[in-house]
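Here is a brief report on one structure. It covers domains, a chain contact and a sheet.

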Amino acid sequence: MIFRVFNKEELSALFDVLAENIIVGPVEKALDKDGIPLYSFELVRDYEELRLQYPSTKISAKKYFLPHNETLSSFSVDKEGWTKHVDYNIYKPLVFFGMHACDINALNKLDKVLLESVYPTPYYGSKRKNMFIVGVNCTPQSHCFCRDMGADTVQHGFDMFLTDLGDRYFVEVLSAEAFNYLDRINSREAVEVDHLDYMKRVKERIGKFTSKVDTTDLTKILDMEFDAEVWREWGEKCLSCGTCANVCPTCYCYGVDEQVDLDLKGAHKIKHLHSCNLLDFAEVAGGHNFRPESYIRLKYRYYHKHRGFVEAFEESLCVGCGRCGEACLADITVPEVIASVRGEG
Amino acid sequence: MSGELSYLGVSLSRPRVAFFELTSCEGCQLQIFNKEATLIDFLSLVEPVNFREVMDEKSNDYQIAFVEGAVTRQDEVVKLQKIRENAEILVALGSCACFGGVAQLKNRFNDMEWVKKEVYGDYPIDTQQARPLSAEVKVDLEIYGCPIKKEEVERIVVDLLVGKAITHPKYPVCMECKANENICLFDLGEPCLGPVTRGGCDSWCPNSRMGCWGCRGPAEAANMDQMIKIMARHGISRETMLDRLECFGGFAGYVEEMRTDETNEDIQGNSE
Amino acid sequence: MNGLKFYDVLTEKRAPRVRDFERFEYSFEAEISNVYSLTETEKLYQIRISDPEKRQRFTFRPGQFVMLELPGIGEAPFSISSSPSRHGDIELCIRATGNLTNFLAKVKRGTMVGISGPFGTSFPLEKMEGGNVMLIAGGLGLAPLRSPALSVLENRNRYEQVDIIYGAKKPSELLFTYLYEMWRKFDINLKIIVDTPDETWDGPVGLITEPLKERIAAYGDALKTDTYAIVCGPPIMFKFVCAALTEAGLPMQKMFISLERRMHCGRGKCCRCNIGSTYTCLEGPVFDYWSVMNLKEAI
């Protein structure tokens, strides 16, 4: 791996050379009622808008690679028959400036199911393959449990990753494109003192994690505790509103709606991200609902993330970003649910 | 505007439609004619035979009747019953027709005579408790919203034509609000009924940073107990919440339960 | 303009799975070549892949399903009811119950539809060769069972005893009645039972477990060694049937079930057919009973 270093003042230069592309990054979206800024991933036109020190965004960056609503295909229909037109809805590469390790890990997990399994999906694939990612290190927040999910650091799936060393950035370089961009600004090769500072910085960061999730034997425990009473208690709280799935960087479940155009000369096939917590998630034609109760739906969210995905890919579908717990109005958080299922709540 | 309609070789009949209003602002009907870009296409799918806002002709020969507004007078009851007799499909258009809407706010007052006097003075007028169409006649289809969303009416008409079942989202407004990536109103310290209100509006109000007032009535798995707790946790008074729940009438059952709980608490409080 | 190169997943040489990407939204142009009414609500649609070459190249195994699409109306999974020897001239037995199926009931012969697939797992008929085969269906369950039944019939000499046990609520709901005579001629032990008889019915009345018990008794110890079962029907039905067969000694791994779930993609992506961790569309719809026992919520 190639490591480089540049002084902090060079950050705007890096932004400028990358700005020949479209840049997406963390910006301040609003102030909450206590005056604390809330962040989101938006198109950034001006370096001054970029907030690289952001603690976390309320919603993951997924609208750029798994849009909440996406037209999969359109049809022209006439008396003779019909023709299908497919569009993957991406026309230019996007630079993601300032993604945290958890969110890059989320993409790597999505790659496994959406790209590296049978029937890879081109809608995700074409967007994912046109992402240029500049990762950035973060400060653990009270709701973060990425370390317990093995997602606090990231090994691949990005182009370069910046670690703030105070007066300079330490950069891991994974792609030739990233190397070339760094070549266009004032950067140098990393030397021993940079390595030592980097390691010191990593150690400090680890000490800041507070939230704990014990994942030992979790796949088995979830099976053993399938009928546990705690599921009903969480189910009573659940609003069945889908917020957790919508803010999650890895939730990819969806539904498809087909709609005839108003002029009857065409039709559209539209994908909507769904949520396993929504009432009709498992309803089949004819009306039978395999999961009519909210606690069963909530339970399946945990089964998919922490059991099913582990069985299939040897890792959980949760990166521990904690967004779901932060966004849940009913205060349902992953660490608390898992602790309660383990009988520790 | 005439001519055979067909889709994928299946011929579709162009329904004769009529629009009527009872006690309402006629805003829902206005919505339908507000969107000029698709108006021609919309009108080629249906044949309006009765639409006071835009045409003079009147006919009682129609298949689909869209009725806007709440029932608040005896002559409206008679009118509605006639519509029911004539129509194959009676559609309640908008929150007033579905739940009583804003008009049913007057039902909060115990003394109807006092209300009448306050509003109309001594002018002689028949006014009753405001109620949804379904209190008087069988309603085949409800289109929610204050006002309705034109896109939804267009979709419903196309679906009716091609024989699809008309379904509404079962999930609450939060689902669409999060998809629109809005900042949660509770983060901004505002009350919002989004977590318990039926979606389908594309989170119209929260998109403009206005909390939801529940115009579409309850979502199908509305967790009202949790909603009460959320409001309390965010320091929003029960009365503020009740004001919102009562605004359009969709939550009447829940409101009644909450009011009863309050009365019980008062009684218990007094006896202590 | 400078900047990063746009990566076109369909043309980029570096893309490892260009053909797979194309396959995701790919569907065969096909037409409805014939429609037969089977009952008041079920019809048999003959669907022919339009391109003769693609039609001939289309192969599937009994138990697999296709996704059928009508633009703007919907797309849904249907198990194939025809024999694999017919290739891309497939038959689907469809009950009018949702948007797509209700519209299908109105379309004319010659209407163009989109067919993608085949998807999913199948009944391992080759493994069953040399053994006895019990095909057990309840209600609409005969639709997915018709394909393995026809396949067994075409290769009748490769199997020992073959049973078809079929139960329906009413005589008017019995599917494929015109096939029964032929099945009997091919030395198939056919038992049909209805729950609620009418004046046209002079056959047995009751639940499917009754003729099943008879057959279990007739098989005796052969159940433990040389017999396979294929079971299709509503959950309540296969639950009882599988329990009875297990008790009689039929090994769980020799019993095969086809499960029904909501599906939006058929390609292991939408998660709607997920049973815990298992995608019904990829790892199913055909499961052996042992796997089903291990799936929470499956029955």
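## Domains of chain C

Chain C is assigned domain 1 (18-119) and domain 2 (125-258); the bounds come from an automatic or database domain assignment. The centres of these two domains of chain C, taken over C-alpha atoms, are 26 Å apart. Their contact takes 15 residues from domain 1 of chain C and 15 residues from domain 2 of chain C. Residues are in contact if their C-beta atoms, placed from the backbone, lie within 7 Å.

On the side of domain 1 of chain C that touches domain 2 of chain C, there are 5 nonpolar, 7 polar and 3 charged residues. Ala, Val, Leu, Ile, Met, Phe, Trp, Tyr, Cys and Pro count as nonpolar; Asp, Glu, Lys and Arg as charged; the others, Gly among them, as polar.

## Model and numbering

This is a predicted model: local features need pLDDT of at least 70, side-chain atom pairs count only at pLDDT 80 or more, and totals for chains, interfaces and linings use all residues. Residues are numbered from 1 along each chain as its sequence is written, while chains are lettered from A and ligands numbered from 1 in the order in which they are written.

## Chains B and C

Chain B gives 7 residues to the contact and chain C gives 9 residues. The chain B side touching chain C has 4 nonpolar, 2 polar and 1 charged.

## Sheet in chain A

In chain A, 8 strands form an open sheet of mixed pairing, ordered S3-S2-S6-S7-S8-S9-S1-S10. Strands are DSSP runs (E, at least two residues), numbered from the N terminus; two pair if DSSP finds at least two bridges between them. Strand S3 (37-43) and strand S10 (187-189) of chain A are the edge strands, each pairing on one side only.

Strands S6 (residues 94-99) and S7 (residues 131-136) of chain A pair in the parallel sense over 5 bridges. Phe97(A) has Val134(A) in S7(A) as its bridge partner.

Notes:
Contact = placed C-beta atoms within 7 Å. Helix = DSSP H or I, 4+ residues; strand = E, 2+ residues; numbered from the N terminus.
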